[in-house]
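Please examine the sequence and the model before reading further. The paragraphs below lead from the sheet to the helices and then to individual residues.

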Amino acid sequence: MEKSHELELTQMRKSVEKLGFSTEKYGDPTLMRFLIARSMDTDKASKMFVQWLKWRSSLVPNGFVVESEVPDQLEARKIFLQGLSKTGYPVMIVQACKHYPPKDHLQFKKFVVYLLDKTIARYAVKGGEIGNEKLIGVLDFQNITYRNVDARGLITGFQFLQAYFPERLAKCYIVHMPRFFVSVWRMVSRFIEKSTLEKIVIVTNDDEKKIFIEEIGEEALPVEYGGKAILRAIQDVQVPTLEG
């Protein structure tokens with residue numbers, strides 16, 4: 001960790017302790033994600049960190065979500081976890097045409113945590129979690145109908161990334177967005193922070209698709225998206241369990 005950030009990290013640890021919580025289990029890279037997300041403001045970062053601890057213990061008291069807790073969402077086989085991109089980040093693909101607005105919103109929230117935790121674990125497979133791991137997301141809207149539209153689900157996903165998985169998103173690509181969905185996306189984007197929106201790329205033409213393939217890499221990208229890999233449903237991928 002750069003010496004220039006040692007003061008902020010020390011101040012943040014002290015601030016978290018004053019709020020009645022401990023940072024003992026977490027390394028500097030984890031704390032730095034919260035500091036970066038709050039523009040290096042130690043007080044705001046500390047409050048965000050404590051809020052994350054409270055949220056995590058409330059929604060995921062066992063430390064992680066097991067597949068038996070989210071059976072309805074996994075049954076659709078709509079999320080895929082690929083290998084690492086050229087930049088070394090795991091690639092998660094969402095096929096929205098297989099998704100429908102959930103009836104059980106608590107299960108859906110746990111499903112989002114399951115997806116993000118497992119994708120991060122895919123990155124950390126060779127040596128355990130460091131704390132600064134990131135991921136690349138691909139939202140595929142090909143063949144979606146009005147029945148698949150779930151603005152609430154999209155907002156939940158991005159808000160979880162922002163509030164509880166800060167600085168985990170390296171980039172998010174949106175592909176095959178139909179015209180009718182543009183208005184939905186405009187509404188959803190109002191709930192997304194500027195720093196997150198800057199990481200989202202909407203692929204709209206062949207030139208942008210070439211860049212999309214080039215940036216992720218053919219080895220990680222499935223054949224269906226211009227790469228050489230095979231689509232792998234997230235539940236079929238084995239990764240170590242990482243708590244918190």
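How many residues lie between β1 and β2 in the hairpin that they form? The model is a predicted one, and in it five residues separate the two strands of this hairpin. Within the turn, G88 has a positive phi of about 90°. Strand β1 spans residues 79-84 and strand β2 spans residues 90-95; the two run antiparallel and are joined by four bridges.

Five strands form an open sheet in the order β1-β2-β3-β4-β5, and the pairing is mixed. β1 and β5 each have a single partner strand and stand at the edges, so one side of each lacks a neighbour in the sheet. From one strand to the next, the twist averages 20°. In general, strands of a sheet pair through backbone hydrogen bonds, either parallel or antiparallel. The parallel case is illustrated by β4 and β5, which are joined by three bridges; here Y173 is paired with V201 of β5. Helix α5, residues 105-123, lies across β1, β2 and β3, and runs at about 15° to β1.

Attention may now pass to the packing of helices. Two packed helices are described by the angle between their axes and the distance between the axes. For helix α1 (residues 6-18) and helix α2 (residues 28-37), the axes come within 10 Å and cross at roughly 90°. The two helices are therefore roughly perpendicular to each other. On the α1 side the contact is made by E8, L9, M12 and R13, and on the α2 side by D28, L31, M32, F34 and L35. Classified by residue type, this contact of α1 with α2 has six nonpolar and three charged residues, and no polar ones.

A second pair consists of α3 (residues 42-59) and α6, whose axes also come within 10 Å but cross at roughly 125°. This angle makes α3 oblique to α6. M48, Q51, W52, W55 and L59 of α3 meet F160, Q162, A163 and Y164 of α6. The contact of α3 with α6 has seven nonpolar and two polar residues, with no charged residue.

Which residues of helix α7 (residues 182-189) are buried? They are V184, W185, V188 and S189. Viewed down the axis of α7, these buried residues fall within an arc of 130°, so they line one face of the helix. The elements covering the buried residues of α7 include α6 (151-164), β4 (169-175), α8 (194-197) and β5 (200-202).

Most residues other than glycine have a negative phi. M40, in the loop between α2 and α3, has a positive phi near 65°. With a relative accessibility of 25%, M40 counts as partly exposed. R77, in the loop between α4 (71-75) and β1, likewise has a positive phi, near 50°. R77 is partly exposed, its relative accessible area being 36%.

Methods
Residues numbered from 1 in each chain as written. Predicted model: local features only at pLDDT ≥ 70, side-chain atom pairs only at ≥ 80, totals over all residues. Heavy atoms only, no water. Axes fitted to C-alpha atoms, helices over the stretch in contact; angles between N-to-C directions. Parallel < 35°, antiparallel > 145°, perpendicular 65-115°, else oblique. Contact = heavy atoms within 4.5 Å. Nonpolar A, V, L, I, M, F, W, Y, C, P; charged D, E, K, R; others polar. Pairing = 2+ DSSP bridges. Buried < 20%, exposed > 50% of the residue type's maximum accessible area, 1.4 Å probe, protein only. Arc of directions from axis to C-beta.
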